[in-house]
Amino acid sequence: MKKIRSMILSLALIGSMIIANASAYGAGEAELPIFNTIDSYTTKISLSRDGQFMLTASEYGNSIWHLDSGRSSTSPKLKIETIEDAAFSPDGSLLAVAGRYEGLMFLNPQSGEIVGRVLDPYESQYGLEEALEPEAIQFSNDGKTLIAGIRAERISIIDVDSQKETYSVPIQGTVQKLVFNPRKNEFVLIGEQNSTGYGSGLMQIRDGASASVTKSFGIMWKDFRNVNFYDVSYSPDGKFMALSFDSSENSGTFIYDAANGYNQIATLKTFGSLSFTADSQLLIVGDHAYPIEKQFKENYKINALNAKSQIAPTFSYLTANGKYLVVRLNQEANVTLLDASALTLRLVKIEIEPASINLGVNESQKMQLNGLYSDGTKKQLDIGKAKWTVKDFYVADMEDGTFYGRSTGSTTLTAHYGDLEASIPVAVANKPTGLKASFINESVKVQWLGVEHTDLLKGYYVYRRATDGQYSSTPLTDFPLQTTEFTDSNVDVTKEYYYICKAVYKEGLESQASNEVLATAKAKQIVMQLDNPLMTVNGVEKEIDEGNGTTPLLYNGRTILPIRALIEELGGTLEWQNQEQKITIHLNSSTVILWVDKPTALVNGVEQTLDVAPIILNGRTMIPLRFVGESLGLHLDWDGAEQKITLTVQEPAAKG
């Protein structure tokens, strides 16, 4: 019957590793790096109190390991068929092992050598040298005695020095777990009330010297067959005791005030293996951590960094020195040691970058996910590990870390990373292009090219700023403009003004801003430099090829560059015709038409020959600057020493 009972418990333990609740209840996440992987399938472990040794036990064999080196001190493996329970002495000098068939013995953890056996005094009186066969064992806090639970018989108190039973207390039932209170000479007993193997589950506190019951919790579970008992543990300061289980009646982890009569003070939804940190500030329940200062009301998830699998909640043990978290990852057989030094450093918040998205239909935006940690640090997270959702998938979608605008509208993008989530607003709307502005008399005339898709369009807003100011959130008009031009009369001809334009859609949705233009009655000066992606416009730096970093360069002795931003800065427009690979440039009253790889151009309808034809380089159309500039009436100066080009243009004369 003993063998059948143990097999049932082993199967229950293995099964619970698969079906145990791994759902997240907390707000945060700790990611622990993998320190080592020990090639040992195991269903049961015991850790030494100094954090140096670990015993692994399973039907395939048993071994003692040095945790720091990952080497086994028992080669070949321990010759014990099945280990019911094991415990290291407080000083780590002895390992007590309860073998199902070999009985109770003491081993040297350094070598794995058996240094003693405990004989059953009841068998000895009949002249038999049979070893004691306990199901659960535990050393007292001073290491002088060993408490052993003998199935359906007694609790045995064993003197460690003589390795003999000094006395015993009869019991009716089984003992599954014994754990000493580290601050008092008492221990908790988890067991079954009768010897049939199908009794009710009980929990008792017993005196460490006499093994007598000092507190009984009564019947914890009516039918112990339906209980997956996981663990019971004390905090090192002796203030708390935690009990974790899963049953048909109730499930979770119960927290008791061990310093004040063992009153139950909390019930946690999570369950699994139990550990406390050495400072008694953190309770680990499986793959969740509970800061005790939060009175067990908050928790965060524990993950193995860069691991494909989650931590099995029923196999997660913190070494007493806090150095390692010994775990088994779901769907993996080996034991994994995680570096627990970052256990209290947890991911508390995630942020999506950018903080909002505003792009056009069929445009895309690369996304980034950042993590904020409990120590105030911030780092970029693996965007592929997040689950992304778009509230309205008709408007946009997210794929492989890139956000795509699909149709005009507004929606929300949400990232889920472990227990955490973050959301940002999204607007998908085409923007106006080709904005230009110029002084006419004492006003500024602003013109732009409207958007193609106008189904939801309400009109356009124009915004203005001074050279040293910011754009107001209020547009220049009280209502969306229905045309693609606007005259700003509230200006001072002695000042310079910058303008942008936005398309306005239904429900107040605004597009991104158009290109920015400068209106001035003064001469405009633009300075560019070879291999520099920035140009200065009357002293203000701007990108030559926004978002692409393209720079002017020499090609066959001529300066070539993407010219759209330059033309728009001057108040002109540039049109691209893909089929013919034709570029049409309008500025004031001049029009220049060029073709990629064609050595001729049309300037106001007159064909002219180019020194260098436009080319496509790294996906960007590069235009000969001097030819276009002079054809449009610009004045160009070349500084060979600094490789700078200066373009000067006077605003057109005031005209109606």
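How many bridges join strand β13 to β14, and in which direction do the two run? Let's walk through this predicted model and find out. Local features here need pLDDT of at least 70 and side-chain atom pairs count only at pLDDT 80 or more, while totals for chains, interfaces and linings use all residues. Residues are numbered from 1 along each chain as its sequence is written, and side-chain values use heavy atoms, with hydrogens and water left out.

Now to the opening question. Strand β13 (residues 154-159) runs antiparallel to β14, and 6 bridges join them. Strands here are DSSP E runs of at least two residues, numbered from the N terminus, and two of them pair if DSSP finds at least two bridges between them. Arg154 has Pro170 of β14 as its bridge partner.

These strands belong to an open, antiparallel sheet of 4 strands, ordered β11-β12-β13-β14. Because β11 (134-139) and β14 (164-170) are the edge strands, each with a single partner strand, one side of each has no neighbour in the sheet. On average, neighbouring strands of this sheet are turned by 20° against each other, direction ignored, with axes being lines fitted to C-alpha atoms.

Finally, look at β15 (residues 174-180), where 5 of 7 residues are buried, meaning under 20% relative accessible area with a 1.4 Å probe, protein chains only. A hairpin through 5 residues joins β15 to β16. The two strands run antiparallel, joined by 6 bridges, and Val179 has Val188 in β16 as its bridge partner.

How values were computed:
Buried means under 20% relative accessible area, exposed over 50%, partly exposed in between (1.4 Å probe, protein chains only). Axes are lines fitted to C-alpha atoms, for helices over the stretch in contact, and angles run from 0 to 180 degrees between N-to-C directions.
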